[in-house]
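Let's take a walk through this protein together. Have a look at the sequence and the 3D view, and then we'll stop at a few spots.

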Amino acid sequence: MTHPQINLAIEFSVRYTQSMGVRVVAGVNDLPSTHPNLMREWRDTRDAGTVTAGSHYKATWECSQCTYLWQAVISSRSKGAGCPRCAGKVPFPGKSLGDQFPELVVEWDDANYMSPLSIGPKSNIRALWVC
């Protein structure tokens with residue numbers, strides 16, 4: 001009779017993530033096994049089978065609805081965070097804060113690190129304004 005843990009080690013390939021030393025067991029706790037819905041948006045060069053849903057690794061994703069590419073931490077995606085463009089945080093072309101509210105552009109302070117044309121109307125960044 002063999003020990004169940006030995007069978008697991010034989011049946012699944014065991015990997016270790018470099019960052020936290022968390023044991024990743026293919027088919028058990030790897031990202032494709034625990035969150036298969038995220039795999040259709042995974043566009044990173046790293047193999048998704050080498051990370052878990054709790055990883056702090058910043059991966060590249062492509063939105064399945066608007067095709068926007070962005071980077072996000074795996075743990076935030078596994079907790080439900082989605083596309084920043086679809087959430088209104090990054091504007092669609094022609095839908096920026098400056099496009100939607102051109103009267104605000106004249107009050108935008110040049111000391112801001114971003115342009116009103118590069119952020120969405122729902123962005124949560126703090127900005128300086130000139131009265």
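K79 is exposed, because its relative accessible area is 73% and anything over 50% counts as exposed. Keep in mind that you're looking at a predicted model, so every value here is computed from that model. To find K79, go to the loop that runs between α3 (74-78) and α4 (97-100). Now look for G54: along the sequence, K79 and G54 are 25 residues apart, and in space their C-alpha atoms are 8.9 Å from each other.

Next stop: T50. Is T50 buried or exposed? With a relative accessible area of 18%, T50 is buried, because the cut-off for buried is under 20%. T50 sits in a loop too, the one between α2 (31-34) and β3 (58-62). What does the side chain of T50 meet there? One partner is R46: a polar contact of 3.4 Å links the two side chains. Another is D47, whose backbone oxygen lies 2.7 Å from a polar atom of the T50 side chain.

The largest pocket holds about 160 Å³ of it. What kinds of residues form the lining? Six are nonpolar, five are polar and three are charged.

How values were computed
Residues numbered from 1 in each chain as written. Predicted model: local features only at pLDDT ≥ 70, side-chain atom pairs only at ≥ 80, totals over all residues. Heavy atoms only, no water. 1 Å grid on protein atoms, 1.4 Å probe; cavity = no way out; pocket = protein on both sides within 12 Å on 5 of 7 lines; lining within 4 Å. Points joined across faces, edges and corners; volume = space filled by probe spheres on them. Nonpolar A, V, L, I, M, F, W, Y, C, P; charged D, E, K, R; others polar. Helix = DSSP H or I, 4+ residues; strand = E, 2+ residues; numbered from the N terminus. Buried < 20%, exposed > 50% of the residue type's maximum accessible area, 1.4 Å probe, protein only. Polar contact = N/O pair within 3.5 Å; in protein donor to acceptor, adjacent residues only side chain to side chain.
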